[in-house]
Amino acid sequence: MKREIPFQTTEPLIKVEVRLEGENKEVLFVVLALDTGATNTFISWDVASTLGYDPGKLQQRKRIITGSGIEYAPMIKVKSARALGVEVKDLEVLCHDLPEEAGIEGLLGLNFLETFDFCINYSKGTIEIK
């Protein structure tokens, strides 16, 4: 069965509402940019804190390459992430702040997207989920 989820082609980013559940059962809805070029899913430090994590105290970090150089981002595991009608349990997420002007709270990366087949039909303004 195929589902089509609309998005705004007039926006510079494909924005997706994501439901995140933290270790403490805290649930938060955030807006992330769908990013097929990001290996990992990213959320801001504020979002991680609201979910019950303390990114500053986390020992596990992952080396990432950003536009401004190499950084080491704290890694957490959210209990679940749900977006585009798909739920992924125990998703590894990196904590990294994006510029406030981006208007998003992170990136929905390939470690989430690889769990299902999808097609971005830009001319129709839909994401087709199989």
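Q: Which residues does Thr41 touch in this predicted model, not counting residues up to four places away in sequence?
A: Contact here means heavy atoms within 4.5 Å. With residues up to four places away in sequence left out, the residues that Thr41 touches include Leu32, Leu107, Leu108, Gly109, Asn111 and Phe112.

Q: Is Thr41 buried or exposed?
A: Thr41 lies in strand β4, residues 41-43. Its relative accessible area is 2%. Buried means under 20%, so Thr41 counts as buried.

Q: What separation do the C-alpha atoms of Thr41 and Glu92 have?
A: Along the chain, Thr41 and Glu92 are 51 residues apart. Their C-alpha atoms are separated by 7.4 Å.

Q: Which backbone nitrogen does the side chain of Thr41 reach?
A: The distance is 3.1 Å, and a polar contact needs N or O atoms within 3.5 Å. The nitrogen reached by the side chain of Thr41 belongs to Gly109.

Q: Which element gives the largest share of the largest nonpolar core?
A: The largest nonpolar core has 30 residues, and those with the most contacts inside it include Val18, Ile43 and Phe112. Among the elements that give two or more residues to this core are β2 (15-21), β6 (69-83) and β7 (86-95). The largest share, five residues, comes from β7.

Q: How many residues are in the other core, which has Phe42 among them?
A: This core lies apart from the largest one. Ala33, Ile64 and Leu107 are also among its residues. The count is nine.

Q: Why does Glu21 count as buried?
A: The side chain of Glu21 meets that of Arg19 in a salt bridge, at 3.9 Å from N to O. Arg19 is partly exposed at 25% relative accessibility. Buried means under 20% relative accessible area, and Glu21 is buried because its value is 13%.

Q: Which residue forms a salt bridge with Glu11?
A: Side chains of opposite charge can pair when their charged atoms come close. In the pair with Glu11, the closest N and O atoms are 3.8 Å apart. Glu11 is partly exposed at 33% relative accessibility, and its partner is Lys15.

Q: What relative accessible area does Lys57 have?
A: The side chains of Lys57 and Asp54 meet in a salt bridge. Asp54 is partly exposed, at 40%. Exposed means over 50%, and Lys57 is exposed with a relative accessible area of 65%.

Note on methods: Residues are numbered from 1 along each chain as its sequence is written. This is a predicted model: local features need pLDDT of at least 70, side-chain atom pairs count only at pLDDT 80 or more; totals for chains, interfaces and linings use all residues. Side-chain values use heavy atoms; hydrogens and water are left out. Helices (H or I, at least four residues) and strands (E, at least two) are DSSP runs, numbered from the N terminus. Buried means under 20% relative accessible area, exposed over 50%, partly exposed in between (1.4 Å probe, protein chains only). A polar contact is a pair of N or O atoms within 3.5 Å; within protein, one must be able to donate a hydrogen and the other to accept it, and residues adjacent in sequence count only if both atoms are side-chain atoms. A nonpolar core is a set of buried Ala, Val, Leu, Ile, Met, Phe, Trp, Tyr and Cys residues joined through side-chain atoms within 4.5 Å. A salt bridge is a side-chain nitrogen of Lys or Arg within 4 Å of a carboxyl oxygen of Asp or Glu.
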